[in-house]
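Please read this briefing with the sequence and the 3D view open. It goes through the structure topic by topic.

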Amino acid sequence: MRWLTRYLRTSEGVILITTLLLCIVIGFLNPVFLSAANLLDLVRDSITTGIFAMAVYVALLSGGIDVSFTAIAATAMYGSVKLFVLINPHAPLLPIFLVAAAIGAILGSINGLLIAIFRLPTLIVTLGTLSFFHGFLLTFLGSRHITDIPDSMLDLSRSFLYRGRLADGSLFSLPTTSLFLIAAIVLIAWLVRFTAFGRYIYAIGGSEVACSRLGIPVARTKFLIYVLIGVMAGVTGIVHSSQARVANPFDLVGSELNVIAAVVLGGTRISGGHGTVFGTILGVFLVTVINNSLVLIGISSYWERCVIGALIIVGAGVPLLLQRLQARRSAVAPSSHSPVQVPAPRPESNR
Amino acid sequence: MASLVAQNISKTYVRVPVLQDVTLSVEAASVHCLAGENGSGKSTLIKIISGTLSADTGTVIIDGHDATRENALKRIGLGLSIIYQDFSLLPNLTVFENITFLDSVSRRRKFANFRQMKQHAQETLTQMDVEILLETLVEDLPVANQQLVAIARALRNRSKIIIMDEPTSALTRREVKALFKIVRSVSQQGVSFIFVTHKLEEIYEICDEVTVLRNGKVVATGPIANFSTADLSQAITGRQILVERLQPPAPDPTAAPLLRVESLTLPPLFYDVTFDVKPGEILGLTGLLGSGRSELAISLSGKTPPASGRILLAGKPISPRNVLEAQALGIGYIPEDRLNEGLFLEQEIFDNILIGNLWRRTRGGLLDFRQIREDGQGYIKQLNIKAPEGTAPVQTLSGGNQQRVLIARYLDLGPKVLILNGPTMGVDVGSKRDIHLLIAQLAQRGTAVIVVSDDLPEVLSICHRVIVLANGRVAHEEPVETLNLNTLVQEVTLES
């Protein structure tokens, strides 16, 4: 049981409990919440935030941050859609996604260059490019909604992995686009855990100075991180635009903080080096539940932001407070620092 | 055969020669000490050997290969590892991943194989005869174990020569002993070590050979047996350092105690501690790590008030609840870790000295900069702080001068009782002497001084009386006149 109490003291644990409690309370007050229809709705609503969150998670893990991904997504989405509307509205999905991903990669590499080569602070760079990319989009690509998006995107929005009908006759469904979310989760989980690139990301988030002394290609790794984020943002743009069935250049931009909130809520430290994919998923789910479901139990939607704000402070703050309490206790009672000491067994070994 | 030769190395910075024709030759399977004061050129030489800095002239040969033109990464590949003072570990990763990281990087592995990493890490730890749980995060390890992980990482990368920069500065005596044992056994397996240090006792304990740098030149080199302590300390400092005692003037024996502590208890740290200090007296408080010496001092500073017992200041019982109250009452505490707990490294010397008492130097609610400059300058002169100017950031000073800045700050508070925890930790031999003299001066002015230290020669050198703590209790108390180093070492180590 020790590993459980210890787990529950981490940010991830606190958020897991909060999520479960919230689901139970909402489900108790309004059973509709726990219906398959509502749960699938939640999944659909979390696709965009979810993929974005996976990208932001990588940035935070490396000790950086990216706030420009929404502008990259909007630009890649609008640029790609506009291009195909002009040259071939009947183009299949793959080239549309490829063009968006390429635009994302180019914009991401601008971030990457500024951060890796010129070693500028990530927040400043991406704050600048957020505004710059979006302004560029509106000035040079256009500022009008495109409603006649390519056929293949419309088809994607109408395709479902699963579809059911409730007793009262209403439809519910799991959209095909949720595959993109799953792919993003699997990709990032694999990348950070099993590849050298992923371990370098952790290492850089832990100590950049140590990394450069160890001969880790810090600049290259950082550059690739922001290119990866750009590509993921580009793809997300098309997914989002398909779901919305419109290419709106004003869409997405403005939601960056919501995404970062979800990632931080999931226990990823803003100072880098710590955080899990599962925690990020929990964070995204929690934010989505709050955004969508407080209405179900009769709480005004204005409260959503208050609740999310409070949760960030609680989710990130409680583990810190527990840590500090523990540190104070051990300051009063220092463990004997015998040099070749065997630390207390880690939680895993008790399972 | 020599595993590392740095030959005829010279380096000049802006026309100032930092290294002049320095030759360092390290035999395989030996421990070589590179000694010298701060600013002697040790760090520059290490940087040149590591390949992060290029020399003006000279060659570097690693394990028989001429590495003079190779970059730092190539030199790691040739078997050179440097363990910096901060260890350069990855705090957020596990022990096993840290141990295998360098190996994985240099072999350009594209994927992480955790089972293999664990296996390799365990092999290396077994080879070192060390037991550390593989899954622990490095940031959760005690410092001594972090250092072992750094050594294990170098070994895992098949290093033939490991340079350790000030490896013992963060360790206690016991940890140092354990480290030396491991270094000894590893070196017998064919790995050579370079210890960069300025602690004389350690040089004798661990090293086979020694090279002393002073002002960028080699002033002594050869097997350690060829040098006496006096030879070495003279070589390092360039002057005759008295090994004998400072013998500060004795306090007035009839004076009433300034600070008296009765049955002070704070479980589980210390129990029933009773002692007193007269004005002008220097009391040494020593003991092994965990004996309660630091904890007692911290408690007296007001940070962790005792659970029971009495503290009397000039006969009146006091019970400060925090550091500020203790300071207001006249108890000053200079922390052990000056870099993290004491100084604002990036701020100027003036600010560092006067920060505790800025409110006294205001005019109409605004800071009086003229006063601040004058007072700051006064302390720099009084304590003989060597600095280009008072507005220089503290981090540009040497360890000894940094410590003086910290002492100046507490002097400014005008304490009746001054507690110094580890006053000369990480300070070179010459500055150490100066700080001791400073402490003696303070006492002479009527301050009651408590020196908390595990540096026994230091305790013998400057204190009037020594209290040895063991397991949180006073184990021994004796005037310094009747003590010598051997008996004190016995008292300290036997009591635990």
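Predicted model: local features only at pLDDT ≥ 70, side-chain atom pairs only at ≥ 80, totals over all residues.

Two salt bridges are counted between chain A and chain B.

**Where the two chains meet**

- One of the salt bridges joins Asp86(B) to Arg213(A), and their closest N and O atoms are 3.1 Å apart.
- Three helices of chain A, namely α9 (178-194), α10 (196-206) and α11 (208-214), each provide at least two residues of the side of chain A that touches chain B.
- Of these helices, α10(A) gives the largest share of that side, with seven residues.
- Eight residue pairs are in polar contact between chain A and chain B, counting pairs with both residues at pLDDT 80 or more.
- Chain A brings 32 residues to the contact, and chain B brings 41 residues.
- The size of an interface is often given as the accessible area lost when the parts come together.
- For chain A and chain B the buried area is about 3100 Å², and 65% of it is on carbon and sulfur atoms.

**A sheet in chain B**

- Strands of a sheet pair through backbone hydrogen bonds, either parallel or antiparallel.
- Chain B has an open sheet of six strands with mixed pairing, in the order β16-β19-β20-β13-β21-β22.
- At the edges of this sheet are β16 (331-334) and β22 (473-479) of chain B, each of which pairs on one side only.
- On average, neighbouring strands of the sheet are turned by 20° against each other, with direction ignored.
- Within chain B, strand β13 (residues 282-286) and strand β21 (residues 465-470) pair in the parallel sense, over four bridges.
- In this part of chain B, Leu283(B) stands opposite Arg465(B), a residue in β21(B).
- Helix α14 (residues 399-412) of chain B lies across β16 and β19 (417-421) of chain B, and the helix runs at about 165° to β16(B).

**Buried residues in helices of chain B**

- Gln402(B) is part of helix α14 of chain B.
- Its relative accessibility is 7%, so Gln402(B) counts as buried, the limit being under 20%.
- Leaving out residues up to four places away in sequence, Gln402(B) touches several residues, including Arg338(B), Leu339(B), Leu343(B) and Val394(B).
- Phe96(B) belongs to helix α3 (residues 95-106) of chain B.
- Phe96(B) is buried, because its relative accessible area is 4% and the limit is under 20%.
- The residues that Phe96(B) touches, not counting those up to four places away in sequence, are Phe114(B), Met117(B), Lys118(B), Ala121(B), Leu134(B) and Glu135(B).
- Between Phe96(B) and His120(B) there are 8.1 Å in space, C-alpha to C-alpha, while the two are 24 residues apart in sequence.
- Ser187(B) sits in helix α6 (residues 173-188) of chain B.
- With a relative accessible area of 1%, Ser187(B) is buried.
- Apart from its neighbours within four places in sequence, Ser187(B) contacts Ala29(B), Val31(B) and Phe193(B).

**A helix in chain A**

- Which residues of helix α3 (residues 36-45) of chain A are buried? They are Ala37(A), Asn38(A), Leu40(A) and Leu42(A).
- The elements that cover these buried residues of α3(A) include β1 (160-165), β2 (171-175) and α14 (277-293) of chain A.

**Backbone details in chain B**

- Most residues other than glycine have a negative phi, and most peptide bonds are trans.
- Asp21(B) is not a glycine, yet it has a positive phi of about 50°.
- Asp21(B) is placed in strand β2 (residues 16-27) of chain B.
- Glu166(B), also a residue other than glycine, has a positive phi near 45°.
- The loop between β7 (161-165) and α6 of chain B holds Glu166(B).
- Glu166(B) is buried, with a relative accessible area of 13%.
- Pro267(B) and Pro268(B) are joined by a cis peptide bond, with omega about -5°.
- Pro268(B) lies in the loop that runs between β11 (259-266) and β12 (270-277) of chain B.

Note on methods. Residues numbered from 1 in each chain as written. Chains lettered and ligands numbered in written order. Heavy atoms only, no water. Buried < 20%, exposed > 50% of the residue type's maximum accessible area, 1.4 Å probe, protein only. Contact = heavy atoms within 4.5 Å. Pairing = 2+ DSSP bridges. Axes fitted to C-alpha atoms, helices over the stretch in contact; angles between N-to-C directions. Buried area = accessible area lost by both parts, 1.4 Å probe. Salt bridge = Lys/Arg side-chain N within 4 Å of Asp/Glu carboxyl O. Polar contact = N/O pair within 3.5 Å; in protein donor to acceptor, adjacent residues only side chain to side chain.
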